[in-house]
2 protein chains.
Amino acid sequence: MLRCTRCGRTYPETFRMGCDCGGTLLVERDYYDFSGSLLPYLDIRRYLSFLPIGGNYLPPAIPAITPTASVQIGSVFALFKLDYLQPSGSFKDRGTWVTVAKLMEEGISEVVLDSSGNAALSMALYSPPAGIKAHVFVSYDTLPEKLSLLQRLGAIVHFVEGDRMAVHERAKEFAEREGLTYVSHWLNPYFIEGTKTAAFEVYEQVGVLDYVLVPTGSGTLFLGLWKGFKELEMMDEIAELPVFVAVQAAGYESLCNRSPVKNSLADGIAIPRPPRLGEMKRALKETNGLCVSVDETETRRALGWLKGAGFLVEPTSAVVLAAMWKLVETGEIAEGSRVLLPLTGSGLKLTEGI
Amino acid sequence: MLRCTRCGRTYPETFRMGCDCGGTLLVERDYYDFSGSLLPYLDIRRYLSFLPIGGNYLPPAIPAITPTASVQIGSVFALFKLDYLQPSGSFKDRGTWVTVAKLMEEGISEVVLDSSGNAALSMALYSPPAGIKAHVFVSYDTLPEKLSLLQRLGAIVHFVEGDRMAVHERAKEFAEREGLTYVSHWLNPYFIEGTKTAAFEVYEQVGVLDYVLVPTGSGTLFLGLWKGFKELEMMDEIAELPVFVAVQAAGYESLCNRSPVKNSLADGIAIPRPPRLGEMKRALKETNGLCVSVDETETRRALGWLKGAGFLVEPTSAVVLAAMWKLVETGEIAEGSRVLLPLTGSGLKLTEGI
């Protein structure tokens with residue numbers, strides 16, 4: 001079932017994007033046995049028992065189990081999860097894959113979403129083989145490489161004048177007016193079911209963690225990882241959750257204090273008012289977590305370090321490393337800690353001839 | 001040890017690129033137990049027991065176990081291996097990862113290689129974290145997106161006037177003149193050790209196959225898959241090898257008859273005289289295999305189909321699907337066959353800001 005994160009009301013598992021009270025929804029199911037429920041796949045299908053889809057239709061561009069690389073940086077162990085190695089070049093494919101499978105089960109063939117780029121790219125890649133028509137709403141500020149790829153993939157692109165929040169509003173209005181299903185990853189509970197699989201992988205790959213640092217705009221990865229670890233706790237695999245750190249772009253903070261200067265590099269998390277803010281605050285509180293804001297100079301420095309280590313990622317991915325450096329310097333992250341740093345988007349984008 | 005594929009002479013496992021008789025070398029080791037030797041990783045390290053490296057230094061950008069997606073096309077089961085989901089955007093990372101680990105063990109810190117693009121990109125990504133200086137020789141015809149990325153990654157790029165064979169010759173001469181280690185993937189036996197892991201994954205993922213179709217220029221993937229399946233046969237996991245089909249680009253055939261018209265889309269396999277030709281001929285003969293040549297129109301059609309299915313690959317990757325269509329049409333591939341189609345290179349390439 002779906003449960004409202006604000007009032008607790010439940011609904012059946014359909015494409016409902018919010019509770020009547022205005023709260024956001026999450027899928028709620030009981031799980032008991034982690035290792036006994038793993039399926040013999042070496043890709044995301046390994047975790048099908050924990051996903052709210054039947055498995056009759058699964059999109060062919062199957063998300064990978066991405067490597068988690070341990071690199072000692074100073075006195076801490078950085079665990080980089082290479083989640084940019086997915087079919088459309090970002091972790092978003094986890095959420096899209098589950099969403100498209102569920103849309104097929106529900107017989108829905110036309111949808112509306114809004115995105116700063118990567119979520120739209122992901123849906124544009126996964127919807128055609130499923131016969132789904134996708135209207136994607138983006139801002140004129142979207143990176144040209146992402147826009148060009150979006151158009152090559154045949155998405156129906158709607159441009160919006162205004163910031164990321166305006167794009168969100170226009171998409172919602174359009175869906176309502178046209179009577180189409182709105183599947184914004186900001187609200188879509190099935191999207192978070194997909195991103196939670198990253199937590200399962202990390203747990204199988206490296207075991208227990210001390211800290212999880214996540215690039216946090218709308219919170220789809222933050223809450224996915226949080227939900228994945230919560231389910232591992234429910235299944236008695238872990239005794240307590242790791243400390244969650246929301247890493248935000250300067251000037252677009254929703255959890256940290258708002259900075260006066262904007263970080264324009266981290267386009268994937270430039271989301272000043274995410275609808276799942278309350279859930280993120282609770283997750284931070286529950287894990288004694290905190291929020292860190294990262295500026296452009298820090299982002300650039302971290303991006304350079306990552307490139308030198310062999311991780312070819314987009315700037316948004318780099319903020320977690322910048323945040324880790326800060327937290328180690330202030331002593332917030334103790335020596336010997338095991339710190340998860342998901343790398344979310346590829347640095348390879350777009351070429352001719354596809 | 002290394003063994004010459006022509007005269008059988010053996011050498012210790014150093015960076016030797018050929019036998020004194022002029023033959024090419026392969027690593028030869030005995031393996032007995034496949035499943036008992038798998039390590040508890042969900043990435044390429046799962047197969048470390050089958051690799052000629054000690055594991056003291058492993059490059060951080062660890063290659064993934066890539067998904068293998070089954071799609072029924074007409075009457076056959078196409079098994080697409082998404083091997084473009086690797087850190088530098090191509091399957092080449094498997095070979096580079098093993099090569100760089102081995103270079104570190106040997107204490108080698110400056111190397112020379114030649115490439116049509118992807119192998120160079122891969123080495124440019126993996127060499128800096130290992131402190132290895134890489135001279136990459138490329139043709140002026142290399143795709144601009146690949147060149148630009150190569151330069152952003154800080155590779156020392158040497159441009160050569162002439163075709164892919166001329167690039168190879170200039171690189172060899174330079175290495176000899178400067179006393180540097182030449183690690184061309186065309187000759188490097190450690191590279192093939194890396195690519196063979198794709199066969200292990202496929203075997204774990206989908207079991208026994210009828211056909212393996214491989215984009216074939218220098219043969220690093222063709223021979224890697226062949227060697228992987230040979231080792232599975234040696235370990236009594238499979239009773240016989242699948243039928244190998246070398247898929248080549250029209251105008252650049254080395255195994256099929258040379259076409260008069262060139263396929264200029266498949267830049268990754270435009271290699272008219274690969275040094276491991278004899279080995280490939282033997283593998284085809286041993287498996288009752290064959291060669292198929294694919295032209296530009298066929299490549300483009302297959303590329304479009306793949307994009308529509310959610311596989312965002314570069315044109316060289318598409319030739320295997322075009323070849324499968326032909327072989328199904330002529331009845332060469334029987335109904336109900338299970339056909340492996342490795343997708344080798346990403347369609348995402350190069351962006352700003354990395």
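Contact means heavy atoms within 4.5 Å of each other. By that rule, residues 24 or more positions apart account for 68% of the contacts in chain A with a separation of 6 or more. This is a predicted model, in which local features need pLDDT of at least 70 and side-chain atom pairs count only at pLDDT 80 or more, while totals for chains, interfaces and linings use all residues. Residues are numbered from 1 along each chain as its sequence is written, chains are lettered from A and ligands numbered from 1 in the order in which they are written, and side-chain values use heavy atoms, with hydrogens and water left out.

**Overall form of chain A**

- Chain A contains 11 helices and 13 strands; these are DSSP runs (helices H or I, at least four residues; strands E, at least two), numbered from the N terminus.
- The C-alpha trace of chain A spans about 55 × 45 × 45 Å along its principal axes.

**Burial**

- Of the 354 residues in chain A, 67% are buried. Buried means under 20% relative accessible area, exposed means over 50%, and partly exposed lies in between (1.4 Å probe, protein chains only).

**The two copies**

- Chain A is superposed on chain B by a rotation of 180° with 0.0 Å of shift along its axis, at an RMSD of 0.0 Å. That is the relation of a two-fold axis.

**Leu51(A)**

- Leu51(A) sits in the loop between α1 (34-37) and β4 (68-73) of chain A.
- Its relative accessibility is 2%, so Leu51(A) counts as buried.
- Not counting residues up to four places away in sequence, Leu51(A) touches several residues, among them Arg29(A), Trp97(A) and Lys196(A).
- Gly194(A) is 143 residues from Leu51(A) in sequence, yet their C-alpha atoms are 7.5 Å apart.

**Leu58(B)**

- Leu58(B) lies in the loop between α1 (34-37) and β4 (68-73) of chain B.
- Leu58(B) counts as partly exposed because its relative accessibility is 22%.
- Leaving aside neighbours within four places in sequence, the contacts of Leu58(B) include Arg45(B), Leu48(B) and Trp97(B).

Key
Least-squares fit on C-alpha atoms with pLDDT ≥ 70 in both.
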